[in-house]
Amino acid sequence: MRKTGSRPSRSGERRLSWLWLAMAASLVFAVFAVRPPSRIDNVLYDVLTRANAHPADDSILIIDIDDRSLARMGTWPWGRDTHARMVDQLTQAGAKTIVYDVLFSEPSRYPAQDRALGEAIARSGRVYLPEFLIDSGEQAPPRVVGSISEIARGAAGVGLAHVRFDDDGVVRRMAPFEANGPSLKPDLMTVVHRATRPSGSPDVTRGDEQTLLISFAGPPSIYRHASFASVLDGEVPRELIAGRTVFVGLTAPGLGPAFPTPVTPDAASMTGVQLQASVLDALRSGRMITPAGPWSRVGFSLTLLWLLMIGFMALPPRANLLLTIGLCLVGLAYSAALFWLGHIWLSPITTVIGLQLVALIWGWGRLGQVNDLIGRELARVRAVVRGRGAKPAAFSGDVVTRQASSLGDAITRMDDLRRFSADALFSLPDATLVANEQGRVIAANAAAQALFKPHQATLNGASLADLINLLDPLGRRFELDWPQATDRHDPIDLHLPDGRAFQLQTVLRRDEQGGPAGWIVRLADISILTAAMRQREQALQLLTHDMRSPQTSILALLATTPDLPKETADRIAAYARRTLALADGFVQLARAEVTPVSLEPLDLADVAVEAIDEVWPQSLQRKIRIEQVGGEAPLMVLGDRSVLARTFVNLLGNALKYSPSGSTITVNLAEQPSPSGPVACIAIADQGPGFSREEAATAFRPFQRFERPGHELASNGVGLGLAFVQAAVARHGGEVSCRSEPGVGAEFTVRLPRHGVAQGG
């Protein structure tokens, strides 16, 4: 497995920074969504409220106890018989509902007037009276104060006329019910709305919300108004009163309380009776605003946040700027749509501000990292182009601009170096590939492109191993993890099916920290050299033929000349046979070293049996038993049958030379694992005198012979048999080894790559 180096991944650092920011921002957004800062939200709410003005309820009439009435009827308070006459007047005029927003909490000096007012209210049957919560001190709960019983007993209903203030002192909401100790007291408008609403119509006061936001139709002047004195004197037509909900209350400046609201032009210009009329209008029209729940606010905020965070990872900076602006506008538009169409208040202010802050934090962080990155890369590039005219940029603009300018100048000089290197690479006569640390080609010269053009291979991005395998080298297959990240790579001769031969040389490139940075692979065409070696083989065959012919003639002459002394004839014949053996061995060794082998799938056990059969007469003559172990299952390899058979014959012949009469030679066939994959092994062990460690190390050298007392057959050899074995096994991509100790015999093991079995990496 290739290592990608110890330098931290910048993309990994970016993802980690993104994750930390996303987690921290999500937590902060969730907290502020559950507990939003209301003062900021109220600004947008007031704007939307003023923009959401709508026609007022035409059935609402406000009768003002105003300056005009005070001027005509005297100072306040008036006698309760005056209020009794007003109730009778409104009842007789056909008022559908009368909300008398005046508190009669104490008996008057004239009980008869109290009774008269109570009787008028009772006769009407449609009068609703207010109650108020009075603070009783720090320890005691607030107490409810209403009209005296003589007056209130005949009312159609009573309720709290309680005003709720927000943190900024503005009235924006009402509570359908107020807590009064362990019980709940209904608001006066809740009582009126429930008593007068059409049957089956929705009632927002029956929801779970503790408070509702008031949807003001507009300023107080939007409703119909009439002066108290004008109504009492009969100056107001009955048609203006009939069938309407009539509110009677104090509107004269300084006479009663006034409250700031989102729709009033100054801080305190909406009186209590006008506020009550606005609340009832919103309840009847179904426009009362319901605050969004905490989970809805959290979901809204986190959705916009995560859309922004996803954009940070997927979009470039300019697009992220547009995304931030777009999400802020979407949040504002979505909140306004909910407010105007769904009558739900979901404030986007904290979310919009949060999105902008997150975008700033991310942008600042990215800018800082870019600044650091440019600084690091600039220092690295300057180290590469040092001494080649690299100069720092002149002072212009900010730090990042200056660094970017300096980096651009340095990169220009590096481009010059790169072009010089590319020119040198592409001018090489041999096919040359440059690969990265993953073994993928990143550059190839013209010779390499010409080499792989018949295979229609795309060089850039291709695996080195796949490209070399594409040439179909005989007897070799390179695994995906080739080449290994080591400094030493021995040249490899590749013989192609079309007869061409290449020498493969690999050099490991390292980066400035000394880590693997890739490879340079050169394929040198050695076809001419190979052809020369073939000519050498032909010359060698001619030479050996000329050597064999005289020796054969000598042996034939000795056989037909009986008059020679026997000792002389035997000595001449031995020399002739030894010369023939030397010629045969030399030819076989030369062919094993330079002659291309014809590879085909074959069972190594069958080849071993052929070799055993060939040496069987010699073993029978010397009473040496050859025992085969294993090989029941096919042991397939790619090989040249004749060359491998000669290899095993040489090993068996060598064992027969050194084995004592009556001993056993063991031929063991098996499959063994190896780092490069399964291999087929054939081990030939004898019971001869064996070798020392030094002799075993030199056993495969040409003309190497070992004298052993009592083994005259061994001394008759020419020392080329084991050299042929090593050359033949190497040509098959395998290896041969010798394991021996003096006095216990020798074991020669041939290992060849298995065929038809997946090779490991």
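These legends describe close-up views of a sheet, one of its strand pairs and a helix pair in a predicted model. Residues are numbered from 1 along each chain as its sequence is written, and side-chain values use heavy atoms, with hydrogens and water left out. Because the model is predicted, local features need pLDDT of at least 70 and side-chain atom pairs count only at pLDDT 80 or more, while totals for chains, interfaces and linings use all residues.

**View A. An open sheet of five antiparallel strands, ordered β17-β16-β20-β19-β18.** Strands (E, at least two residues) and helices (H or I, at least four residues) are DSSP runs, numbered from the N terminus. Two strands pair if DSSP finds at least two bridges between them. β17 (441-444) and β18 (492-495) are the edge strands, each pairing on one side only. From one strand to the next, the twist averages 25 degrees.

**View B. The pairing of β18 with β19 (residues 501-510).** The two strands run antiparallel and are joined by four bridges. L494 stands opposite F502 in β19.

**View C. Helices α4 (residues 80-93) and α5 (residues 111-124), with axes that come within 8 Å and cross at roughly 15 degrees.** α4 is therefore roughly parallel to α5 (angles under 35 degrees count as roughly parallel, over 145 as roughly antiparallel, 65 to 115 as roughly perpendicular and the rest as oblique). Axes are lines fitted to C-alpha atoms, for helices over the stretch in contact, and angles run from 0 to 180 degrees between N-to-C directions. The contact (heavy atoms within 4.5 Å) includes V87 and T91 of α4 and L117 and I121 of α5.
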